[in-house]
Amino acid sequence: MAQYTRVSGSVGLITLQSPPVNALSAAVRQGIVDLMQRALSEPEVKSVVICGQNGIFCGGADIKEFGGQMSGPPLIPMIHAIEAASKPVVAAIEGIALGGGLELALGCHYRIAHSKAKVGLPEVTLGLLPGAGGSQRLPRLIGVPAALDLITTGRHVTAAEALKFGLVDQITDHNTVNVAVKFAQRVTDQPLDARRISTYPCLCPPDVDVLFEEVMQSVRRTARGAIAPIACVQAVRAAATLPYNQGMERERELLATLFTSGQAHALQYFFFAQRAVGRWSMPSGARWDTSKPRPVHKAAVIGLGTMGRGITVALAQAGFSVVAVETQEKQLMEAKQAISGMLERGAKRRGVAPALDKINYGRNIQSVADVDLVIEAVFEDMALKKKVFQQLSAVCKPSTFLCSNTSGLDIDQLACQTRNPELVVGMHFFAPAHVMKLLEVVYGPKSSPLAVATAMQLGKKIGKVSVAVGNCRGFVGNRMLKPYLEQALFLLEEGATPEFVDQVLEEFGFAMGVFRMSDLSGLDVGWKVRMADGLAMPDSTTGQPTRLRQGRRYSPLGDLLCEQRRFGQKTGRGWYQYDKPGSQVAKPDPWLHRFLDEYRARHALVAHRIDHQEVLERCLYSMINEGFRILEDGIAAGPEDIDVIYVFGYSWPRHRGGPMFYAATVGLNKVLERLEHYYQAHPDVPSLQPCPLLRKLVASGSPPIQKWREVIKKVRSQL
Ligand SMILES: CC(C)(COP(=O)(O)OP(=O)(O)OC[C@H]1O[C@@H](n2cnc3c(N)ncnc32)[C@H](O)[C@@H]1OP(=O)(O)O)[C@@H](O)C(=O)NCCC(=O)NCCSC(=O)C[C@@H](O)CCCCCCCCCCCCC(=O)O
């Protein structure tokens, strides 16, 4: 699908036509091959322009084709034929030129870009490398250091940056195709030899070996086990050290390894999962495409602790007018200073003016009377939140959406405090709220599709990946975290150390193991919740054995640490020790090891050797099992929602696709069998009891993850 027109008498214009992003499907590639031949064979045509329809040059190879049998003309010879053409070929880049789209443009002799266009080689984010010559041409055009940056990060660069790199020849604010056509006419008689990038030498800095060594080390550090970034460095190294043809051969070999890897499948699944969560639905049948959001012009944030500050910054940076309310004078002053600092630092990084004037501060809840949407971010205390919702309902316009940033409390109880419960939803941000991409939009039984649609759209506008989820304790993310944390504690009771458990989880790809993460977030947070739930109490108060609550196994280890005021990084002691309060360098703590030995002795627990497999299986499978329960309960609409939440909110390694995708790659029958094994060994741990949905999926022959929704629908209809 490409169209040919002759313009201005002598220019052959080839327009890629494959909505929505003109991806290089087999039909598009065939179109380009055929139309290039036509342009070259017409004597009147002196030059060629390639562009894309609807203001989009090309989004790259068609990712949907990767899962099946590839057909149609291959990309590499197609791009070589363009580069070898005897007539000048100009790429007119509007919108985007990404991946194979940019590789196509690099095969052209000239590149003209619109000033708003973005270009990049994001293949690494799909578990691949630029495999249509991009890894060999880009370093030849813009030099090794810049190419390494673009190819290993996959970042999109603006037209202005691309011009600075020499990646495009000209940028324009006018109609790019018209400019490119005029340009093509001007260069008709210019020799082309100097325009074929594959013939360029690859200019390297003098200390190129040192550069590659350093980049490789830094990539390995940040890749968390992902293989594509490493292959990207190797491919650019081939460009720097080998003649073009041999470099292309190396690119092919490296791509072949990546292409069939589990990581590439996981990352490509995740690409579509991110898009799928935008097509939300509610059990009532309300959906993203039938529910219109209402515009929000002015918002308010109530409570300016850590979360409230981050939310205020996120809103102001996105251009919203914000009323920021904190009732205590001292806290308000501190918050104002902190928020201004965050805005100034963010603006400096982005080279823009800080949005300080977007925020009005106040101590009185009356000041939110005219806003369109409020986000409450006070302490995680139901009584306090209820009071705030009652006040908001009395003060705000009847049409104001009232949202809570609770991390797990019942949205319905808050909705019941208001005149218009249908306008109440949860907006669960993740700390730091102006940085973390995830937003759980929580609908209660009374929440209207209008409120959900509005919160989802607001999330998008402030740059979040928003996932709509149902109302239950902990929603999706924190509900699944509970069995994971629980297993980690049980493993300590049974003989593991925090360092070992963390090491296994970090080797798996988590940015931080469970204990380092707890130290960072503060052990007292969970302790307060457990106290409110009547769990964290001495035996004399509960009247129950220390390691049992409501007939279930319970580990008081975290509570015992809190009783010693070991709250983690902030107190300089937690599961690890730190040089001083606030320090981030965790060191194993001999005190903690002695404490664990004494604890085991006190409870007659015999430490056994715990290996990698046991840590991974117990922590991850118990979490995944909860994920199946969440699907069964209809709290998440599909496995993609859970996976997106875990990658963006809980540092699950993206190259493993998310917990539910991971379960599918391990094999559902294996997950089921191991859960059965552990449940048999620990019958007092209900989270290890395999969920009926998991059994049902296994009984249905473990269908691919894309088909789970059908089984889930059947299971739910039988409930
Ligand atoms: C383009 C975007 C920036 C647009 O963002 P926006 O927010 O506007 O919109 P959406 O993201 O919602 O997208 C809209 C819609 O479009 C779908 N879509 C987007 N891009 C693609 C695409 N490239 N392919 C298919 N579909 C796409 C998207 O899914 C949405 O639809 P949905 O129904 O899901 O809502 C943004 O979309 C974006 O960032 N897109 C991805 C851009 C990208 O990553 N491009 C790179 C693609 S990979 C590539 O180009 C590889 C090349 O280097 C070629 C490599 C050669 C391959 C050869 C294969 C054979 C190898 C065999 C190996 C063996 C060798 C041997 O043995 O010899």
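Reader: In this predicted model, is glutamate 640 buried or exposed, and at what relative accessibility?
Author: The model is predicted, so the values are computed from it. Buried means under 20% relative accessible area. Glutamate 640 falls under that cut-off and counts as buried, at 11%.

Reader: Which residue forms a salt bridge with glutamate 640?
Author: Side chains of opposite charge can pair when their charged atoms come close. For glutamate 640, the closest N and O atoms of the pair are 2.9 Å apart.

Reader: Why are arginine 600 and aspartate 597 separated by about one helical turn?
Author: The two residues form a salt bridge, with the closest N and O atoms 3.1 Å apart. Arginine 600 counts as buried at 8% relative accessibility, whereas aspartate 597 is partly exposed at 47%. They are separated by about one turn because they sit three residues apart in helix 23.

Reader: Which residue forms a salt bridge with aspartate 169?
Author: Aspartate 169 is partly exposed, with a relative accessible area of 32%. It lies in the loop between helix 6 and strand 9, and its partner lies in the loop between helix 7 and helix 8. The pair ties together parts 26 residues apart in sequence. The closest N and O atoms are 2.9 Å apart, and the partner is arginine 195.

Reader: Is aspartate 189 buried or exposed?
Author: Aspartate 189 is found in the loop between helix 7 (176-186) and helix 8 (208-223). Exposed means over 50% relative accessible area. With 73%, aspartate 189 is exposed.

Reader: How many salt bridges does the structure hold?
Author: Some share partners: Glu493, Glu494, Arg547, Arg553, Glu614 and Arg618 are joined into one network. For the structure, the count is 40.

Reader: How many salt bridges does the rule find across the interface of domain 3 and domain 4?
Author: The domain assignment gives domain 3 as 495-602 and domain 4 as 612-718. Five residue pairs are in polar contact between these two domains. For salt bridges across the interface, the rule finds zero.

Reader: What area is buried between domain 3 and domain 4?
Author: The centres of the two domains are 26 Å apart, taken over C-alpha atoms. The contact takes 13 residues from domain 3 and 17 residues from domain 4. Carbon and sulfur atoms give 72% of the buried area, which is about 1,300 Å².

Reader: Which element gives the most residues to the side of domain 3 that touches domain 4?
Author: Two elements give two or more residues to this side: strand 19 (552-553) and helix 18 (498-508). The one that gives the most supplies seven residues, and it is helix 18.

Conventions. Residues numbered from 1 in each chain as written. Predicted model: local features only at pLDDT ≥ 70, side-chain atom pairs only at ≥ 80, totals over all residues. Heavy atoms only, no water. Domains from an automatic or database assignment. Contact = heavy atoms within 4.5 Å. Buried area = accessible area lost by both parts, 1.4 Å probe. Salt bridge = Lys/Arg side-chain N within 4 Å of Asp/Glu carboxyl O. Polar contact = N/O pair within 3.5 Å; in protein donor to acceptor, adjacent residues only side chain to side chain. Helix = DSSP H or I, 4+ residues; strand = E, 2+ residues; numbered from the N terminus. Buried < 20%, exposed > 50% of the residue type's maximum accessible area, 1.4 Å probe, protein only.
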